[in-house]
Amino acid sequence: DLRAGETVEVRMGISYVSTENARRNLDAEQPAGTSFDAIRGAARTRWNDDLSRIRVEGGTEAQQTVFYTALYHALIHPNLLSDVNGEYPLMERSGEAGVTDGERYTVFSLWDTYRNVHQLQTLIFPDKQTDMVRSMIAMYDEWGWMPRWELFGRETWTMEGDPAIPVITDTWLKGLRDFDIDKAYEAFRKSATLPGAENKMRRDIDPYISKGYIPLGVFAQDNSGDNSVSHALEYYVADYALSTLAEALGKKEDAKLFRKRSMGYKNYYSKDFGTLRPITKEGKFYEPFDPKEGANFAPSPGFHEGNAWNYTFFVPHDINGLVKLMGGDKKFVDKLQSVFDEGNYDPANEPDIAYPYLFSRFKGEEWRTQKLVKELLAKHFTTKPDGIPGNDDTGTMSTWAIFSMMGLYPDCPGVPEYTLTTPTFDEVTIKLDPEYWGKDKLVIKKEGHGDYIKEIRLG
């Protein structure tokens with residue numbers, strides 16, 4: 001029953017625990033009498049503070065818009081699950097609430113975000129990343145498993161792998177230590193060793209342990225068909241990260257065990273095609289086989305949301321080993337270049353998004369990384385309505401753009417190193433937290449306007 005020009009303001013509080021907590025959250029965050037414009041202004045200030053953690057100079061206005069849009073996307077998730085009194089719903093325990101020390105996070109799209117989003121959080125929001133890791137470890141405490149793709153206290157089992165391992169390993173090896181790493185390691189070892197009948201995280205682990213690979217037909221998830229090669233590749237990456245963590249913690253036998261397992265990808269390499277190829281239960285290569293089958297998200301035996309070309313180079317922890325299988329540096333580089341030349345690179349999904357950076361591992365071929373990254377940014381990240389290459393996957397695709405535009409990329413999850421490329425901007429200033437990093441900023445400065453790097457100087 002409104003009059004012309006009349007305004008109605010509605011305040012709303014949310015809690016995943018109780019109506020009473022929703023009221024508490026509402027009163028704490030939007031006290032009675034606070035206007036819409038005041039709340040909007042406060043939100044704008046908060047976002048501006050967060051986005052200002054990285055300041056860029058130079059580049060075009062469109063490039064700056066792409067960069068800050070990407071940073072905005074990357075900071076939307078994970079989300080706070082806990083209320084102002086610390087209460088939150090316990091993992092997979094309907095109706096039960098716990099109380100967190102710190103903040104409890106949710107929306108852990110880890111199959112996506114373990115590749116770059118958490119590395120970005122570690123760099124610019126180490127306090128939040130620490131709380132995120134604590135949240136993951138608490139989930140293990142509450143129901144016995146680390147998250148894979150957790151949503152509001154429920155495990156969705158979306159996609160595959162054991163992605164909490166490289167996230168927490170990467171965080172620990174970079175120096176964030178304010179969480180229970182022994183409890184995390186206990187969880188990791190459980191999912192990496194329990195037999196399939198008892199293993200919710202790796203139901204197809206039995207042949208992975210006994211044979212070093214997973215044959216077709218062992219386990220189909222979410223009625224999506226067989227994704228055996230994709231499953232195994234994710235386990236190899238996770239187990240390599242676990243081996244580096246075991247080594248750092250002084251667990252030498254475990255380190256040796258998991259490193260050996262991480263090399264099992266070699267079983268899938270087919271010399272006839274020069275790609276990874278599914279293996280049947282009889283131990284033979286699957287046929288008839290077409291490495292391109294599965295492009296554009298079409299079904300493909302052995303591969304999830306992709307084909308053999310999208311997955312063949314996805315062994316970032318042992319590129320040297322893959323080079324030997326392919327017959328040396330030149331054959332490897334030529335084959336990797338053909339992925340881009342023949343349209344087999346998929347920028348809209350995760351398995352191959354680090355491919356452009358692999359060239360930098362070969363002396364004299366680094367220019368290919370610098371050329372491709374610039375071209376891919378220009379083609380797939382714009383200010384137009386289709387300005388990202390596909391589903392942003394809780395910020396993963398945007399984070400690829402963020403790192404690439406700054407000139408560095410974490411191309412092997414769980415290994416605390418970056419591969420460098422030509423920055424988009426003349427100068428990038430990353431605001432650091434001195435409590436964690438001992439410095440208040442990291443400055444990346446580009447001298448000259450060429451596309452290729454002549455030299456890199458530190459300090």
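The model is a predicted one, where local features need pLDDT of at least 70 and side-chain atom pairs count only at pLDDT 80 or more, while totals for chains, interfaces and linings use all residues. Numbering starts from 1 along each chain as its sequence is written, and side-chain values use heavy atoms, with hydrogens and water left out.

Helix α17 itself covers residues 396–406, and eleven of its eleven residues are buried. Here buried means under 20% relative accessible area, exposed means over 50%, and partly exposed is in between (1.4 Å probe, protein chains only). Helices (H or I, at least four residues) and strands (E, at least two) are DSSP runs, numbered from the N terminus.

Zooming out, the protein chain comes to 18 helices and 14 strands. Its radius of gyration is 23 Å, close to the 23 Å from the globule rule for 459 residues, so the chain is as compact as a globular protein of that length. That radius is taken over C-alpha atoms, and the rule is 2.2 Å times the number of residues to the power 0.38. The C-alpha trace spans about 75 × 60 × 50 Å along its principal axes, and buried residues account for 53% of the 459.

Now for the sheet. Three strands form an open sheet in the order β1-β13-β14, paired antiparallel; a pair needs at least two bridges found by DSSP. β1 (54–57) and β14 (441–445) sit at the edges with a single partner strand each, so one side of each has no neighbour in the sheet. On average, neighbouring strands are turned by 10 degrees against each other, direction ignored (axes are lines fitted to C-alpha atoms). Four bridges tie β1 to β13 (residues 427–431), and I54 stands opposite I430.

Elsewhere, M12, I14, Y16, L151 and F152 make a nonpolar surface patch of about 500 Å². Patch residues have over 30% relative accessible area and no salt bridge, with nonpolar side chains joined within 5 Å and like charges within 9 Å. Areas come from the Shrake-Rupley method with a 1.4 Å probe, and a salt bridge puts a side-chain nitrogen of Lys or Arg within 4 Å of a carboxyl oxygen of Asp or Glu. F152 lies in the loop between β7 (149–151) and β8 (154–155) and, at 35% relative accessibility, counts as partly exposed.

Conventions
Axes fitted to C-alpha atoms, helices over the stretch in contact; angles between N-to-C directions.
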